Amino acid sequence: MIHLRSDDEIELLRENALLVSKTLAEVGKRIAPGVTTRELDRLAEAYIRDHGAAPAFLNYNGFPNTLCLSVNDVVVHGIPSDYRLREGDILSVDCGTYYKGYYGDSAYTFAVGEVDAAARQLMRVTKESLFKGIEQAVVGNRIGDIAAAVQGHAEPFNYGVVREMTGHALGRHLHEKPDVPNYGRRGNGKRLQNGMVICIEPMINEGTQEVFCDNDGWTLHTKDGKRSAHYELTVVVRKGQAEVLSTFAFIEGEGGMEASVI
Ligand code: MG
Ligand code: MG
């Protein structure tokens, strides 16, 4: 079942998207060497609750926390812990909110202090691939056009595009159909319609695309131990140009990549 959202529903999804975006920025301000991922999780939970919303990931299929915090070789679904961030780490922060019956869901990969050039390139290319996907999220295109754009931007760098996890539609549930994979062929898949709300979220590995799940049942690692980056935004499919509901502007400022690409 594909949902086309009314203007009223989209305003509620926008409120969620903005709260998630601001939460990511609050977390980002605290990220530094020596800080534990558990501290970041507590900060995010308090911030979300202070705004009258609930953390969407907490207890979702049994997930124990507010944020997924994924360091270096962890692709997604890292569980907050006593791990202290180190200079040179990269940290993917994935955040969800539930407010007034609707959901928000976005992610950003942060550098901890100074990171090496290879990490900077991985982060830049992953974020660019997200915006390449967003450019395709227009009426008349298909899911495969988004997928092919993401994949087509990342693979020339010899990066691995994760297959096991995908983006998704978003609304009254955190994960709705259709899935929005980060690999695929142009012209394939479901046709995009005005008012569809989807999360596009490339997970791109420095090396192999292969991943494995930790014994904890959640933490997804790269098989070769190399690093992975993850960026996610929520968009509404529109004619000519997608309407982007969440934003990295609270993290990057108005001069962020978003303004230049969209
Ligand atoms: Mg997410
Ligand atoms: Mg998502």
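The largest cavity in this predicted model has a volume of about 60 Å³. A cavity here is a set of points, on a 1 Å grid over the protein atoms alone, where a 1.4 Å probe fits but cannot get out, and lining residues have an atom within 4 Å of a point. Grid points are joined across faces, edges and corners, and a volume is the space filled by probe spheres set on the points.

Among the residues lining this cavity are I2, H3, R5, E176, K177, P178 and V197. Strand β8 gives the largest share of that lining, three residues. Strands are DSSP runs of E with at least two residues, and helices are runs of H or I with at least four, both numbered from the N terminus.

The largest pocket holds about 380 Å³ of space. A pocket is an open set of points with protein on both sides within 12 Å along at least five of seven lines. Of its 22 lining residues, Y60, H77, M165, H168 and H175 lie nearest the centre. Here is how the two linings divide:

Five strands form an open sheet in the order β8-β7-β9-β14-β15, with antiparallel pairing. Because β8 (176-180) and β15 (243-244) stand at the edges with a single partner strand each, one side of each has no neighbour in the sheet. Two strands pair if DSSP finds at least two bridges between them. Four bridges join β9 to β14, with V197 opposite V236. Strand β14 (residues 233-236) meets β15 over two bridges, and V235 stands opposite V244.

In β14, L233 and V235 point one way and T234 and V236 the other, and all are buried, meaning under 20% relative accessible area with a 1.4 Å probe, protein chains only.

Helix α3 (residues 117-135) lies across β9, β14 and β15 at about 10 degrees to β14. Helix α4 (residues 143-154) lies across β8 and β9, at about 40 degrees to β8. Axes are lines fitted to C-alpha atoms, for helices over the stretch in contact, with angles from 0 to 180 degrees between N-to-C directions; contact means heavy atoms within 4.5 Å.

Residues are numbered from 1 along each chain as its sequence is written, and chains are lettered from A and ligands numbered from 1 in the order written. Local features need pLDDT of at least 70, side-chain atom pairs count only at pLDDT 80 or more, and totals for chains, interfaces and linings use all residues, while side-chain values use heavy atoms, leaving out hydrogens and water.

How values were computed:
Buried < 20%, exposed > 50% of the residue type's maximum accessible area, 1.4 Å probe, protein only.
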